[in-house]
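Q: Could you show me how to read a structure step by step, with the general idea first and the case at hand second?

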Amino acid sequence: MKLLYSPASPYSAKVRMAARHLGIEVTDVKTDSSAGSPELLDSNPLGKIPVLIRKDEPSIYDSVAIMHYLDRVSGGKLYPKKPVKRTEAEVLEALCDGITDCLLVIVYERRMRPEDKIHQPWIDRQWDKVVRGLDYLETHLPKTGKKLHGGHFALAALIGYLDLRFNGQWAEGRPELASWPDIFSKRFSDYAAMKSAA
Ligand SMILES: N[C@@H](CCC(=O)N[C@@H](CS)C(=O)NCC(=O)O)C(=O)O
């Protein structure tokens with residue numbers, strides 16, 4: 001299987017870490033989503049990464065569908081079995097991915113628009129969501145024992161992206177969240193190498 005990804009992409013980091021954790025072999029193919037390569041557009045009409053390309057079978061996107069596929073391939077090792085715990089893990093992933101969505105909206109607003117067209121109230125609205133989400137996480141961190149699940153990888157991907165693009169803007173006043181990567185790294189030693197990077 002091939003994974004179209006980019007080193008900075010937080011959703012790519014989430015699925016790459018999950019695949020590594022599960023021991024599922026995936027060949028990473030660096031892909032610039034803004035270049036709109038035929039391989040990307042043929043495998044995902046949305047032109048977004050990550051995309052998992054399988055031999056003679058349809059490609060899989062988005063990152064949540066890839067996570068659920070990895071869960072099935074691994075025989076159910078990526079999400080808890082008990083329904084209540086599973087829902088908790090899925091909602092944690094949704095929250096972390098949702099915060100990441102807001103961060104990307106901010107990054108794209110600044111990157112894609114000419115300076116005089118950047119709409120600060122829109123950025124502020126997204127940042128308010130980020131602040132509420134991070135404050136919630138500060139007091140509702142998941143138990144991080146031996147068994148990692150999709151929610152942990154989404155949280156790790158989010159923090160990696162915050163460090164990459166919003167360094168110095170999120171950790172202050174959130175000591176639990178800021179130190180969570182140390183706990184996570186003890187359970188997943190490849191974190192430093194696999195989180196979002198420039
Ligand atoms: N909901 C999607 C979001 C994927 C996404 O937005 N990926 C970004 C890179 S991190 C992308 O490909 N952006 C290019 C674009 O939107 O055209 C997922 O979870 O996979």
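A: A polar side-chain atom of serine 63 lies 2.6 Å from an oxygen atom of the ligand, which is a polar contact (a pair of N or O atoms within 3.5 Å). This is a predicted model, in which local features need pLDDT of at least 70 and side-chain atom pairs count only at pLDDT 80 or more, while totals for chains, interfaces and linings use all residues. Residues are numbered from 1 along each chain as its sequence is written, and side-chain values use heavy atoms, with hydrogens and water left out.

Q: Which residues have a polar side-chain atom 3.1 Å or 2.9 Å from a nitrogen atom of the ligand?

A: For aspartate 62 the distance to a ligand nitrogen is 3.1 Å, and for tyrosine 108 it is 2.9 Å. The protein covers 80% of the 510 Å² of accessible area (Shrake-Rupley method, 1.4 Å probe) that the ligand has on its own.

Q: How is the protein chain divided into domains?

A: Domain bounds come from an automatic or database domain assignment, and here they give domain 1 (2-73) and domain 2 (83-192). The contact (heavy atoms within 4.5 Å) takes 14 residues from domain 1 and 20 residues from domain 2.

Technical notes
A polar contact is a pair of N or O atoms within 3.5 Å; within protein, one must be able to donate a hydrogen and the other to accept it, and residues adjacent in sequence count only if both atoms are side-chain atoms.
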